[in-house]
Amino acid sequence: MKCKLMSLGLAALLPLAAAAQPNFSGKTVTIIVGYKAGGGYDATARLLARHLPKHIPGKPTVIVQNMPGANSIIAANHIYNVAKPDGLTIGTFNRNLPIAQLTKVEGVKFDITKFQWVGSAANESTILAIRTDLPYKTFDELRKAKQTVVIGSTGPGANTHDFPLLLKELLGLNFKIVSGYSSSADIMLAVERKEVDGRAGSYTSLRPFIDRGLVRPIVRARSTEPGIDKLPADEDAAPNARAKAIMALRSAPEQVARPYVLPPATPAEIVKVMRDAFAKAIQDPELDAEGKKAKLDLEYLPGDQAQKILVQVLQQPQDIVAEFSKYIKFGE
Amino acid sequence: MSEALLEGLVLVLQWKALAFMMLGIVLGFWVGLLPGLGGATTLALMLPFIYNMQPVEAFAFLLGMHAVTATTGDITSVLFGVPGEAASAATILDGHAMAKNGEAGRALGAVLASSLVGALVGAAALALAVPVVRPLVLTFGSPELFMLAIVGLAFIASLSSHGGRGLVRGFLAGLLGLLVSTVGQDPQAGVARYTFDSLYLWQGLDLVPILVGIFAIPEIIELAARGTSIAGSLPAGRISRGALEGVKDTFRHFWLTIRCSLIGTFIGIMPGLGGSVAQWMAYGHAAQSARTAEERKRFGAGDVRGVLGPGAANNSKEGGSLIPTVAFGVPGSTAMAILLGGFVLLGLVPGPDMLSKHLSVTYSMVWTIVLANVVTVVVCFLFLDQLARLTGVRGSILIPLILVLVFVGSYTSNNHYGDMVATLAFGAIGYLMVLAGWPRAPFVLGLVLGKIAENYLYISIARYEAAWLTRPVVLVLIVIAIAVIIYPLFQARRKAAHA
């Protein structure tokens, strides 16, 4: 109720803010990251912070602030309810927050579709890879596997877990999923010592091990990129529409893998300025060169398109949501 | 190999690399001294600055910074009883007790000298172990890592006071630590445990607010109640003396220092155990060296061996944890995971190439660790007098400063007010434990090993069912765990027989 009142109050201020042409000269824009320093979300934000200023009118200083906790829910709640809608606070958080909202996770105090979406700075392609010394070379062979294939995972809510889980539950693959590894690097080590047979994860993180000949990519989710586009997609093997919808639902947030948002009441002019700045910064050859070095492949998805994808996620019929929640828990 | 070793040294000694290393050391010096702000976080913040550096310069900068945080973190632990780094909390037990006995100088001397020994052992291990590390790391699967955690927990026996009552208290404190480590969403079913609908608790409690609370708050209360300086009413002149004595102590107990360095290196090499475990196992091992009940009582009350053990281990683990990072691209700790990002930025691929094509870069890392630690220890010795005199400053002046450090320090872990609440809550628990004579070390051991033990036990059973119990290394570790538990009892009996 309180937050409703607040946004009403802010809405009343809108015309005032709209009158002036946004100019950020001498100001400081803060990007709030819903994770601690050091991870992929943080690295992307820091890369953007270095290159955004020259594309925003008035060349403001852009800094990064970490607000970790509850898999980003704390940060998202803050940007939705507390941050001023003046364009000086941008948020980036867990791509799976739409899933948290969909499955009604306690503590969610935002509507993901009502943020002012700047867009997504990257997409992510999830694949499953298994050891090259296993007898299965293709997805079809793996589906017919007689022996149980052991898949290592970090835990529910992560793509290392949820992607193979749906392959097992909906497509009937003969998997045993062992969870609790502390990172995907740890699972890789378990693959090397043959404790597990394979793992799922982003193509970027698995690529070095594929190149080294340790593992072979077998199947991918919907979102794709050059190098894996010839792999079969999990959805194409779905036995019915329902299974397909559930797999599509799991992979939808991967198209909005690095979400960037502004508080809901942010004036349209400021949103436009930020969308333009992100679009230009991500095409900036300097940023591209640095991103390539850091193995961060950025690709801009405009805010309106990101929002459209998430509206679709949240419009699922109740029965699909109910079945989806049986398998998938929000996390990471 | 010796050629590459020399080449590595030459690379580090180039003026640009050396200058970056010095810059790193200066940064790391402060990061280590200040509680909360940790080496890993600072590495993440500094990563963007290496884009335009050469590999050797970048590693001289990053490693130089990281290598000294554990050393200067120990200084804060000794002087104020506030852990400068999560990895230097164990130094508080005896180091700060020595400071309160007016032996701050000796404790600092000992911690610095043992840190240097530890760093050298770790660096030597990195230089020597590189060719044989692969089979070693691959031998330790999840069942073996679980058993290592159990061996670690077995050290509770030597961290508790003598007698049945002491052991029961020790293990109960350990269990409380295990319980606290379960807070948060569990990685198997995704169930939220003990979160009481609080978003802050969702991802579990952070180590820093707990350590800062449980160790620093009781010290502050005690200092306020006494109304004197940390070192009581001893004259300042006496406090700063004895640094040389501390260095001599390191050589008096040289084998202990070396053994603890090796423990640190080994824990560092094992990916998945984490950086804060090594110091506690080393402390447990140091406590085992007490021969009599009287000697045992001195542990926690200012025995220099309790300073040497963790002082050495938290430095030697750095060289150790670089080994799997370089050889496999699998980081041995959080800091190393971030350093791995540095490898990628520089276009280096961790793995076999680092041991052949880029061997001189690998060896330049060894030299960076060695040089950074030598420089830091020498500089610290120059200022040691002034540092030690801080324990002679009146409590009423010191307490506000320490309180600021404590709360700012714990707030840096999540930037959330929950960090402060956690610090206060665990401060209260720590104070009660001190009042009632319950040991705090087993609690922390349970806390740092809880998640590791839980996850690897789950994986072991899910993957191998009961068969994991029959793996040879597991059996050996079971025997070691039992030996560690009955050793103090055996010692007590032998003592009784002699008397």
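## Where the chains meet

Two residues are in contact if their C-beta atoms, placed from the backbone, lie within 7 Å. In this predicted model, 39 residues of chain B are in contact with 40 residues of chain A. Three elements of chain B each give two or more residues to the side that touches chain A: α3 (39–46), α18 (334–345) and α23 (441–464). Helices are DSSP runs of H or I with at least four residues, strands are runs of E with at least two, and both are numbered from the N terminus.

By class, that side of chain B has 23 nonpolar, 14 polar and two charged residues. Here Ala, Val, Leu, Ile, Met, Phe, Trp, Tyr, Cys and Pro count as nonpolar, Asp, Glu, Lys and Arg as charged, and the others, Gly among them, as polar.

## Numbering and confidence

Residues are numbered from 1 along each chain as its sequence is written, while chains are lettered from A and ligands numbered from 1 in the order in which they are written. Since the model is predicted, local features need pLDDT of at least 70 and side-chain atom pairs count only at pLDDT 80 or more, but totals for chains, interfaces and linings use all residues.

The pLDDT is the predictor's confidence in each residue, from 0 to 100. Chain A averages 90, and 94% of its residues score at least 70. Over residues 1–19 of chain A the pLDDT is below 50. Beyond near neighbours in sequence, this stretch has ten contacts in the model.

## A sheet in chain A

Five strands of chain A form an open sheet with mixed pairing, in the order β7-β6-β8-β5-β9. Strands pair if DSSP finds at least two bridges between them. β7 (175–179) and β9 (215–220) stand at the edges with a single partner strand each, so one side of each is left without a neighbour in the sheet. From one strand to the next, the twist averages 35°.

β6 (residues 149–153) and β7(A) run parallel, joined by five bridges. Within this pair, Ile151(A) stands opposite Ile177(A). Helix α8 (residues 203–211) of chain A packs on the sheet and touches β5 (126–131), β8 (198–202) and β9.

## A covered strand

Strand β10 (residues 259–262) of chain A is covered on both faces. Pro259(A) and Val261(A) lie on one side, Tyr260(A) and Leu262(A) on the other, and all are buried. A residue is buried if 20 or more other C-beta atoms lie within 10 Å of its own, exposed if 12 or fewer, and partly exposed in between.

β10(A) pairs with β4 (residues 116–120) in the antiparallel sense over four bridges. Leu262(A) is the bridge partner of Gln116(A).

## Helices in chain B

Helices α6 (residues 104–129) and α20 (residues 359–389) of chain B have axes that come within 9 Å and cross at roughly 175°. The two helices are therefore roughly antiparallel, a label for angles over 145 degrees. Axes are lines fitted to C-alpha atoms, for helices over the stretch in contact, and angles run from 0 to 180 degrees between N-to-C directions. Their contact has 20 nonpolar, four polar and no charged residues.

Met147(B) is found in helix α8 (residues 142–154) of chain B. With 26 C-beta neighbours inside 10 Å, Met147(B) counts as buried. Met147(B) and Leu477(B) are 330 residues apart in sequence, but 6.1 Å apart in space, C-alpha to C-alpha.

Asn415(B) has a positive phi of about 55° although it is not a glycine. Glu465(B) also has a positive phi of about 55° and is not a glycine. Asn415(B) counts as partly exposed, with 16 C-beta neighbours inside 10 Å. Glu465(B) has 9 and counts as exposed.

Methods
Parallel < 35°, antiparallel > 145°, perpendicular 65-115°, else oblique.
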